Amino acid sequence: MAACVDKWHPTHAGRLSGAIYRFLPDGATDRAVVTTAPASASGGGGGDDVWDELRAEAQADADAEPLLRKFYGDLVLSRPSLEAALAAHLSAKLCVPGVLPQDALRDLLAAALAAHPDAGRAARADLRAARDRDAACERMVHCFLYYKGFLALQAHRAAHGLWSEGRSAAALLLQSRASEVFGVDIHPGARIGSGILFDHATGIVIGETAVVGNDVSILHGVTLGGTGKESGDRHPKVGDGVLIGAGASVLGNVRIGAGAKIGAGAVVLRDVPEGTTAVGNPAKAVGKKAAPQRRRPEEQPGVTMEQAWSDYVI
């Protein structure tokens, strides 16, 4: 099969601290949200600290491994922005030689990201989430280049932008290609917040009316699905700071409260209260009764990645 060719080569262009990321895409949750996200994509001063750090990491890798110089140059160092690099990288992954040319797909992705700047802000938060939560992720550039969960999520962000514009055919094209290439199937109608980590990612499925909050971590094999042939609002609503373990299924229009943990392999068919750990099939809360506690955002399971069950239920 012939290789896709990217004909676009712009001129050369130029660690945020903290673990909580509050860049919210429009409609990321089903409740009112107040956000103080600045206009700058990086979160301050008109610069882009995430992109600058990622480029510095790419340069360091390229200097240490001469074999990677062209690879890093084409996908990172020759690009003027994170959005441009994402469009180039995703188009190289998702193109279909002779049918869906890389340059046309790159233009579609670039236009979608430009029209929806919240997607770029969320992508930056996702990169920091991977670096801060995934012990195997030493550099954001490695997440950007190699982590299929991150790439599938960014393809979804572009597809969701197209879906919100009424361009369902183009959005479904991106969904289909991302599912085929990355093994992650997210309907373009799903609303997903920022600071998201798809750890390993293989087999994640997220349905059309699902809502995922901010600072959520989801492991491989997770399904946020429906329960049958019903139409309308039929998929889960996942609150901020939630951790969903490998192989878990959350089915139907159920709510997973902020800071909850869903154990590996659990089948959730009912609401899970805030701060609760739910395990088993069907999932049940575990732990001893205690007074409700409001965790600070940086202590939420979706950020700490602590998968041991909580010592209390609500």
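Start by selecting residues 82–94, which is helix H3, and residues 168–182, which is helix H8. (Helices are DSSP runs of H or I with at least four residues, numbered from the N terminus.) The two pack at an angle of about 75°, and their axes are 10 Å apart. Each axis is a line fitted to C-alpha atoms over the stretch in contact, and angles run from 0 to 180 degrees between N-to-C directions. H3 and H8 are therefore roughly perpendicular to each other, a label that covers 65 to 115 degrees.

Before you go on, a word on what you're looking at. This is a predicted model, where local features need pLDDT of at least 70 and side-chain atom pairs count only at pLDDT 80 or more, while totals for chains, interfaces and linings use all residues. Residues are numbered from 1 along each chain as its sequence is written, and side-chain values use heavy atoms, with hydrogens and water left out.

Now show the side chains where those helices touch. Leu-90, Lys-93 and Leu-94 of H3 meet Arg-177, Ala-178, Val-181 and Phe-182 of H8; contact means heavy atoms within 4.5 Å.

Next stop: salt bridges. Side chains of opposite charge can pair when their charged atoms come close. Here a salt bridge is a side-chain nitrogen of Lys or Arg within 4 Å of a carboxyl oxygen of Asp or Glu. The whole structure has 13 of them.

Pick Arg-131 and Glu-53, whose side chains form a salt bridge at 3.6 Å, N to O. This pair links distant parts of the chain, 78 residues apart: Arg-131 sits in helix H5 (residues 117–133) and Glu-53 in helix H1 (residues 49–64). Buried or exposed? Arg-131 is buried at 6% relative accessibility, and Glu-53 is buried at 14%. (Buried means under 20% relative accessible area, exposed over 50%, partly exposed in between, with a 1.4 Å probe and protein chains only.)

Then jump to Lys-70 and Asp-74, which meet in a salt bridge at 2.5 Å, N to O. They are four residues apart in helix H2 (residues 69–77), so about one helical turn separates them. Lys-70 is exposed at 59%, whereas Asp-74 is partly exposed at 24%.

Finish by selecting Asp-48, Glu-83 and Arg-124, which are linked in a network of salt bridges.

Note on methods
Parallel < 35°, antiparallel > 145°, perpendicular 65-115°, else oblique.
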